[in-house]
Amino acid sequence: MNGGNRNPQGNGMNVGQGGGFKINFNFYWFYLLIGLGLVAVYFFSGTSTMTSGEVSYSVFSRMGEQGNFEQIRVDNQEQIAHAKIWKDSLTNVLNANPELAKQYLQSKKKQVEFMVETNIPSGEKLSEDYDRWLNAAQEEGRTFATEIKWEKSSNTWQIIWSLASPVLLLLFFFWIMSRGMGNAAGGIFNVGKSRAKVYEKDKQQKVTFADVAGLSEAKTEVQEIVEFLKNPQKYTNLGGKIPKGALLVGPPGTGKTLLAKAVAGEADVPFMSMSGSDFVEMFVGVGASRVRDLFAQAKEKAPCIIFIDEIDAIGRARGTNARMSSNDERENTLNQLLTEMDGFGTNSGVIILAATNRADILDKALLRAGRFDRQIHVDLPELSDRIAIFKVHMKPLKLAKDFDLNKLARQTPGFSGADIANVCNEAALIAARNGKERVDISDFNNAIDRIIGGLEKKSKVLTGDEKHSIAIHEAGHATISWHLQYAAPLVKVTIVPRGNALGAAWYMPEERQITTREQMNDELCSLLGGRAAEELFLGHISSGAANDLERVTKQCYAMVAFYGMSESLPNICYYDSSGQEYGFTKPYSEERAKVIDQEVSKIIAEQYARAKSILKQYAEGHGTLTQVLEDREVIFTEDVERIFGPRPWTSRQEILLKNNAEEASSDEPAAASESTAPAETE
């Protein structure tokens, strides 16, 4: 451990170079001592270490005459006398005065010393009695050592302190609480202030478009915003108005926040970042107050950029659930945001950027022109973008010399920038775990397999029947997908348990923007190939096809209810892209629901029969493939091609896949896996 690191307990101590401890002074210790002192003074001030009891003056006078008092203290103003009893006389006094003994026994402080107090008629009367006690002792030859002290005190300060001390304690603890809230939320009196993080243009390390890999189309769109901030007169001279806001929409992990920072860095202006959840607080009106303060700060720093991440936290559509109680505080915050973005006031030089992956649930008033004038879609990266992203995340890695980056990018369709970063990091960890000096392609393949399917569990023991059933199931998928034109090309099939699955298959889907009904039918048939193989070659079915059936059912309902791809219900779509129209009700009748269910069952039955027909036609090849899978536990594209021959349908994707499989055959099975899409689990 490096010396001087902060103690993990956070107790204000530093670990020194020599292993010793150095205590750092913290003002909170001083505050704590003050608080403890106030508590001690309040609870212990005015209390005596001796037990006291009240007696009448006649009893008091008799005890004094007997010489039981060591000292008498008299308060002339209150006409009260306090007498301290000799230790040797305490027992005799208590025995002679039962009432005083009862008070002593009931006292919580049974000290050796004991005091009595009484109301004296007057100071003159006590003086006369004192002289009488002294004379009587002299006549009897006794030693009289009682000392009397006359005091004139005022209880004004006592009264003031007793009244003020509780108030001071409350103020002290209230101040401590406000200091604590100040560290977390700007102080209790500043709770309505904006909590935005401000990145000044000259004080922080800037992020530019050079730091953002991929997103070529999105960067082109936001480049105009940069031009607005750099040279606004170029556009205002022609009578145009600078857009007030842009909404970055896209799946998680695609780089929306990074792109917003790059816009601020390129424009060289202050950047104020705040999350949508930062506006929501337990206090009423705090959200709206923070919105006002945020825009007030932005106007002072104009030109600048305000970035609100996850704006759906406050921008959700209002009044969508009339049956349920609405969140008035969230709606007030949204109303204030709408007013600030396009109200009577002017926000000259302030551009608002926001990011969300749920644009369909945002309020329509927030998306209208004049507020968020444009929506910039930050989609999953294409092939060229993935290559650029891989280059960025591979800079710190020590790669093998024969590393093929283009091949790796082709094997990862549908991966976001965050997914690619995770793949690169996981590949480096795998290479280090295996004792390698450089990261090669097999480490990346293993990293992709682990991220998608989970860690291989070779220690999980399967019975012979289970292993045979899984092999038949996975061979069914491979056989069907090989003989269908639009099925995704096979990459790898394994019966080694991975994650929660007992077997998995990887495919390389085509990167297409639209999908035809024929392509969907081939995908359905391929998914049903595992269950069909079990029924044909085992004579029974198992629960291993649960994931297949779930995907088949969802896709069939989408074909019928959303895409209008059924004979009985053609050209009908019940999908609500805004998510605001239907609520908890169905947009169709119960009779129409029965028709939808019937169409779904019909499509599934047709493709299941089709799958069984193909398996019967290629039963011999399926059996050979099953045996190879049981023996080796992993099969690749070349194994399927060796059994069934080349596919009659070749595409660019399949040619690339074939080249990859030829290289993978020379590696060990686990290192040659090339996973490209979510694994099909059984």
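## Helix 12, mostly tucked away

Let's start with helix 12: ten of its 14 residues are buried, so the rest of the structure largely encloses this helix. Here, buried means under 20% relative accessible area, exposed means over 50%, and partly exposed is in between (1.4 Å probe, protein chains only). Helices (H or I, at least four residues) and strands (E, at least two) are DSSP runs, numbered from the N terminus. This is a predicted model, where local features need pLDDT of at least 70, side-chain atom pairs count only at pLDDT 80 or more, and totals for chains, interfaces and linings use all residues. Residues are numbered from 1 along each chain as its sequence is written, and side-chain values use heavy atoms, with hydrogens and water left out.

Among the buried residues of helix 12 are Glu 329, Arg 330, Leu 334 and Met 341. Their cover includes helix 10 (286–301), strand 11 (304–309) and helix 13 (364–367); contact means heavy atoms within 4.5 Å. As for length, helix 12 (residues 328–341) should span 20 Å at 1.5 Å a residue, and its end C-alpha atoms are 20 Å apart, which agrees. The expected span is 1.5 Å times one less than the number of residues.

## The largest nonpolar core

A nonpolar core is a set of buried Ala, Val, Leu, Ile, Met, Phe, Trp, Tyr and Cys residues joined through side-chain atoms within 4.5 Å. The largest one has 26 residues, and Leu 248, Leu 259, Val 263, Ile 305 and Leu 353 have the most contacts inside it. Helix 7, strand 9 (245–249), helix 9 (256–267), strand 11 and strand 12 each supply at least two residues of this core.

Take Leu 353: leaving aside neighbours within four places in sequence, Leu 353 touches residues including Ile 225, Ala 246, Val 263, Ile 305 and Phe 307.

## Leu 215, a buried loop residue

Leu 215 sits in the loop between strand 8 (197–199) and helix 7 (216–230). At 10% relative accessibility, Leu 215 counts as buried. Beyond its neighbours within four places in sequence, Leu 215 is in contact with Thr 254, Gly 255, Val 378, Asp 379 and Asp 385. Leu 215 and Thr 254 are 39 residues apart along the chain, yet their C-alpha atoms are separated by 8.4 Å.

## Helix 22

Now for helix 22 (residues 590–617): its 28 residues should span 40 Å, and its end C-alpha atoms are 41 Å apart, which agrees. Its buried residues include Ile 596, Val 600, Ile 603 and Tyr 608. Among the elements covering them are helix 18 (464–482), helix 21 (546–562) and helix 23 (619–632).
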